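Hi,

Here is the structure I said I'd pass on. Have a look, and my notes follow below.

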Amino acid sequence: MRVLANVVFGLSLCLSAPVAAQDTVPLPVRIDGPVRIELNLTKSERRDDGPEQRATFTYEVALSKADEDGLRSAVWRLTHVDGESVEPGTSPSPDLRMTVDATLTPVSLDNLAEVISAARRQMEASGELDEAGASSLEALARLSPETAAAMFARDATMIALGQGTDLFLGEDNPYETEGALPWGGVSVLMIGNYRLVEHQAASGRAVVRWSQEIDPASLIEALPALVEGLLGEKVKRDDSSDFADKMRAAMRNARFENDRHCELTIETATGLAGKVDCLTVIEMVVGDEAGRRETRLIATQRLLP
């Protein structure tokens with residue numbers, strides 16, 4: 001997906017008139033392994049006009065040597081929360097044991113049972129393990145390791161976005177993929193783009209910008225199913241066709257946004273994203289109802305001696 005646009009563009013060059021040669025800038029991960037990485041995450045969230053909630057987490061990531069297929073094992077171990085040391089036996093988060101590809105993007109979560117057991121203990125301690133909670137845990141236990149990685153390793157996926165790219169400097173590299181709406185029920189076409197905006201060979205630094213948003217035409221097609229999903233339980237509960245009609249009318253002028261923008265600074269000596277800054281904006285306006293959520297992830301990582 002990251003290099004498909006480059007391949008198409010390269011073919012078009014072969015079929016056109018001769019032009020000055022231009023090379024892509026490959027940014028592979030250059031780590032033999034095994035190594036340890038210090039990873040710092042600052043995560044913040046703001047809903048509507050409410051106050052910003054922020055927390056900082058520090059992980060020690062143990063990364064194995066790559067196998068012949070380029071796959072590695074990665075273990076994320078939480079060491080600090082908001083600057084306070086976390087003891088292994090009292091950590092609020094279990095280790096995440098993953099298999100990652102050559103770009104360090106997670107492809108599977110390998111200790112899902114351990115993660116679910118930790119979640120169960122936390123729910124029991126807080127008194128939240130009711131029937132609905134137990135059903136949710138059972139549903140999680142049925143996930144495949146690959147699907148579980150998409151759910152539990154989102155931060156690792158975001159950090160790896162700019163690692164392993166191979167792009168032309170200053171050119172957009174768009175792609176399309178299916179994505180689920182955060183309001184539930186339906187999938188839509190998401191339009192993504194990569195752009196290498198800076199490459200300084202002397203300083204060993206490159207900057208990649210990535211974005212993803214909903215395709216407007218796809219969203220319009222998905223609206224009927226989205227309406228039914230939002231209406232479902234309300235209509236069943238109230239048996240109100242009048243409410244359903246009003247809701248459908250309001251949805252005709254509704255506005256939805258699900259946009260992500262990231263800037264990733266790559267240290268070319270290692271291929272690691274030395275700094276990642278990602279902002280996600282989710283917004284929905286339906287009639288007189290409106291909701292907005294902004295989440296931001298700032299990450300830094302460095303090799304430990």
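At what angle do the axes of helix H2 and helix H3 cross? The axes of H2 (residues 112-126) and H3 (residues 131-141) cross at roughly 170° and come within 10 Å; axes here are lines fitted to C-alpha atoms over the stretch in contact, with angles running from 0 to 180 degrees between N-to-C directions. H2 and H3 are therefore roughly antiparallel, the word for angles over 145 degrees. On the H2 side, the contact (heavy atoms within 4.5 Å) is made by Leu 112, Ile 116, Ala 119, Arg 120 and Met 123. H3 brings Gly 133, Leu 137, Leu 140 and Ala 141.

Before you read on: this is a predicted model, where local features need pLDDT of at least 70 and side-chain atom pairs count only at pLDDT 80 or more, while totals for chains, interfaces and linings use all residues. Residues are numbered from 1 along each chain as its sequence is written, and side-chain values use heavy atoms, leaving out hydrogens and water.

The chain has seven helices and 14 strands (DSSP runs, H or I of at least four residues and E of at least two, numbered from the N terminus). Of its 305 residues, 36% are buried, meaning under 20% relative accessible area with a 1.4 Å probe, protein chains only.

There are also two aromatic pairs (ring centres within 6.5 Å, using the six-membered ring of Trp). Tyr 59 sits in strand S3 (residues 53-63) and Trp 76 in strand S4 (residues 72-81), so the pair ties together parts 17 residues apart in sequence. Both Tyr 59 and Trp 76 are buried.

Cheers

Notes
Phe/Tyr/Trp six-rings, centres within 6.5 Å; stacked < 30°, edge-to-face > 60°. Buried < 20%, exposed > 50% of the residue type's maximum accessible area, 1.4 Å probe, protein only. Parallel < 35°, antiparallel > 145°, perpendicular 65-115°, else oblique.
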